[in-house]
Amino acid sequence: MHEVSRQYFFKDKLHPKETLSRNQSYPGRSIVIPNKFKKLVNGPGGDRLRHVSTMTGAEVSSIGPDRRLYVRGPTRYTKHAEYLIKSKMAAGRVMANTICVYIDKKNLPEDCEVKLVPVDEKERLILSVGSLPQYRLKPCEEYDMEVQIILSADISEENEADLEETWSIVDSIKKLQATKEKRSEWLVAFKEGVDLADKVVNDAFGEQLVEDFMARYDLTFLSPNSQPMRCKVWVVNKDVGKKLEEIPIPFHDLKNIVEELRFEDEPTRARCRGWLVLQSKKIIQVNIIFPGSDIDCRITLRALTDDLVADSNLVCEKEETRLISKYLSKLTFTDADGLRLPADEKLPQAFNHTHWRCSRRTLLTPRPGFSMIVSNERSWCSDLRDEENRVTTDIHLHCEKWDQLLSEEDWEPEIICAELPEFLRFVRQVQDFISCNCTKTADQE
């Protein structure tokens, strides 16, 4: 799968926060970290835990022979710290085995250098690192386009100079790319979505395929055991004229199914089908940066995640699934209000609702063998302290042969690689078109 979007990075710089004094006494709570996530959560020399403590104001420490984490402080601090720690574990479950970074120089003059530029407060991303400085990477000279990038790294005395220096493309890649010897100095984050008129896309990319579904909703939850779970709900058109069960769901839209939801509300059940699914683990992620263009790209190869809930030994995960499924069965849908969370029932204890999205999608076939999903989206996300609402257009590109092969058990890497050159030509065609036709929002002007 390929995503076309504005690409961002974040750059860490610790800000002092209110911390606990020795005279204060607050109840605390322990957080069990499975062994396979301890290194990820702790960070080099415990840096990541100190980072969480500084950012939230909570006291985070390791206690006991098993080095169990203990979080203490005011409730709002400890909840935020616990959420950040659990989010890191959740990210570890789906983290890509291989992450590559490539900078495409096609819109830049020879020997062009780039620099870090602070991001305006209105353009900040909601990230698990919280309210830390964020930066763009842009060409040092003025060109027609500015690259939409934010960079992240631990700013210490030895690399504070990053903000004053200029970087060649080769040196920038070294900063972005992790190796066996060192972690990446600049970390990558994406802000998905562009502003693009529907008619412009439809006129340029061929025939639109009519779908029976008017919208898809995605709701993301973080379980008490740090398992990211998603609820996917499809809503059919009002006068579809078919039985709901007879309408096929696109096979590349529904993977890693835990169970189908049974909605209690009869009007909702007549219009909606929903599933509880697990996020797909990333196998390979390639971040392609286009300095001199408004649009950057990410190519992701995902796996069919093992269904952890089906493991008979994981009693905790099964109980969490039962609780969230019962809650989601009370979702309601109306044409006036859309999909609504249960009004008379609280989210199960220790679950966090982190993301909501409504997508109204158009499926196009720009060329034989390739499909393009153009999705007009309204979304909301939260990290318990900050939240963000956005209206954007999201574009996903698919190679139909890849989708088919990767959904089967038996496929050869050589077959996948054989389609790559043609797919990348398709990607660049779409990227060039969007760069020329997308419009900036008021916050970006």
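I began with Glu59, which is partly exposed at a relative accessible area of 33%. Here buried means under 20% relative accessible area, exposed over 50%, and partly exposed in between (1.4 Å probe, protein chains only). The model is predicted: local features need pLDDT of at least 70, side-chain atom pairs count only at pLDDT 80 or more, and totals for chains, interfaces and linings use all residues. Residues are numbered from 1 along each chain as its sequence is written, and side-chain values use heavy atoms, with hydrogens and water left out.

**Salt bridges**

I looked up the partner of Glu59 and found Arg72, with a salt bridge of 3.0 Å, N to O. I used the rule of a side-chain nitrogen of Lys or Arg within 4 Å of a carboxyl oxygen of Asp or Glu. By this rule I have 16 salt bridges. Arg72 is buried at 18% relative accessibility.

I next took Asp218 and Lys232, whose side chains meet in a salt bridge at 2.9 Å, N to O. Asp218 lies in strand β11 and Lys232 in strand β12, so the pair ties together parts 14 residues apart in sequence. Strands (E, at least two residues) and helices (H or I, at least four) are DSSP runs, numbered from the N terminus. Both Asp218 and Lys232 are buried. I also noted that these two belong to a salt-bridge network with Arg216 and Arg357.

My last pair was Asp335 and Arg271, with the closest N and O atoms 3.3 Å apart. Asp335 sits in the loop between β17 (332-334) and β18, Arg271 in helix α6 (residues 266-271), and 64 residues separate them. Asp335 is partly exposed at 45% relative accessibility, while Arg271 is buried at 12%.

**Helix α4**

I checked α4 (residues 169-176) and found Ile169, Ser172, Lys175 and Leu176 buried. Seen down the axis of α4, these buried residues fall within an arc of 115°, so they line one face of the helix. The arc is that of the directions from the helix axis to the C-beta atoms. Val170 and Lys174 are exposed, on the face turned away from the buried side.

**Positive phi**

Ser226 has a phi of about 65° and lies in the loop between β11 (213-222) and β12 (228-236). Ser226 is buried, with a relative accessible area of 1%. Ala350 has a phi of about 75° and is found in the loop between β18 (338-340) and β19 (352-367). Ala350 counts as partly exposed at 38% relative accessibility.
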